[in-house]
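Welcome! Take a look at the sequence and the 3D structure below, and then we will walk through the spaces in it together.

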Amino acid sequence: MVAVALLSACGPSKEEARRLSRAERQRLAREDSAALKVGVLPTMDCLPIFLAKERRLFDTLGVDIRPKAFTAQLDAEEALRKGRIEGCMGDVVRAERLMKRGMQLRYVAATNTYWQFISNRKARVRELRQMTDKMVAMSNHSATDMLAQMCIDSAKLKRDDVFRVPVNDVNIRLLMLKNNEMDAMMLTEPQAAEARLFKNPVLMDTRKKDLLMGAIYFNEKALKGKDRQKQMEAFVKAYNMACDSLNRNGLKPYADIIWKYMKADKEVVEELPKMNFPHAAKPRQKDIDAARRWLGK
């Protein structure tokens, strides 16, 4: 008992332990504040960022860049607006809307993102014109909203003929299809691949529309200073290196990364089409103009 008492007396007090814990939290907060944080989603357009993180390309270039995971684009943009992250993966429609509302953004990359309009096989919808009185899941004021409206217009349906339901979380959107809670939805990869595996029909593919609406953008105000510029240069360099690896090797060698960040299993990876990942470059002006026209309506 005396020995235990002596050992206890030699140990840190509760107050000291709390102080050390507080100091550790403050240190971690400072490091996180200094890091360049990028909001990412569990989607294939983010694969170059995931690959750069897993293969320590950011570390090799001597910068602290941290992907921050979200499952809804709107949540990532809220974090961007509040300064919790400096950039995020999104789409041109959302970016143009944010800029229209006063936020200064810098386009860093246009991505290979495409969306498919996929119907629930149990809804027995095989053509877009059969979508009358059906529900389609998308995200308001986004590329999925614009593209869903294009589908409705192409079928010569009235706007009120189709019920557009905002479902921002990409995983919940897919789950609603699997649980027969939604008639149709806009999906990108790998969620679209999983939907196709369950024999759900594809009614529209944006690759046939020559629309490239995916984008990575940063808050311009958060990029001031030499350290941020160095981080941005390293981010673009690492991103391009990851794109080169993906284009050279294909997707299968990175199935473990796709599973880790997107929870897409081997069958889903096998279902994915061959993808090309372009180097970081600003979105095409025609895509920006298309987003602006739609928002203007």
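On a 1 Å grid over the protein atoms alone, a cavity is a set of points where a 1.4 Å probe fits but cannot get out, whereas a pocket is an open set with protein on both sides within 12 Å along at least five of seven lines; lining residues have an atom within 4 Å of a point. The model is predicted, so local features need pLDDT of at least 70 and side-chain atom pairs count only at pLDDT 80 or more, while totals for chains, interfaces and linings use all residues. Residues are numbered from 1 along each chain as its sequence is written, and side-chain values use heavy atoms, with hydrogens and water left out.

**Cavities**

- The whole structure holds 2 cavities of 30 Å³ or more, where a volume is the space filled by probe spheres set on grid points joined across faces, edges and corners.
- The second largest cavity, with about 50 Å³ of space, has a lining made of Met44, Asp45, Asn112, Thr113, Tyr114, Thr188, Glu189 and Met275.
- That lining has 3 nonpolar, 3 polar and 2 charged residues; Ala, Val, Leu, Ile, Met, Phe, Trp, Tyr, Cys and Pro count as nonpolar, Asp, Glu, Lys and Arg as charged, and the others, Gly among them, as polar.
- In the largest cavity, the lining splits into 6 nonpolar, 10 polar and 3 charged residues.

- The largest pocket has a volume of about 280 Å³.
- Its lining has 14 residues, and Met146, Gln149, Arg293, Trp294 and Lys297 are the closest to its centre.
- Helix α7 gives the largest share of this pocket's lining, 5 residues; helices (H or I, at least four residues) and strands (E, at least two) are DSSP runs, numbered from the N terminus.
- The second largest pocket has a volume of about 190 Å³.
- It is also lined by 14 residues, with Gly250, Leu251, Pro273, Lys274 and Met275 closest to its centre.

**A look at Ala123**

- Where does Ala123 sit? Its place is in the loop between β5 (116–119) and β6 (135–138).
- Ala123 is buried, because its relative accessible area is 17%; buried means under 20%, exposed over 50%, and partly exposed in between (1.4 Å probe, protein chains only).
- Leaving aside neighbours within four places in sequence, Ala123 is in contact (heavy atoms within 4.5 Å) with Lys134 and Asp183.
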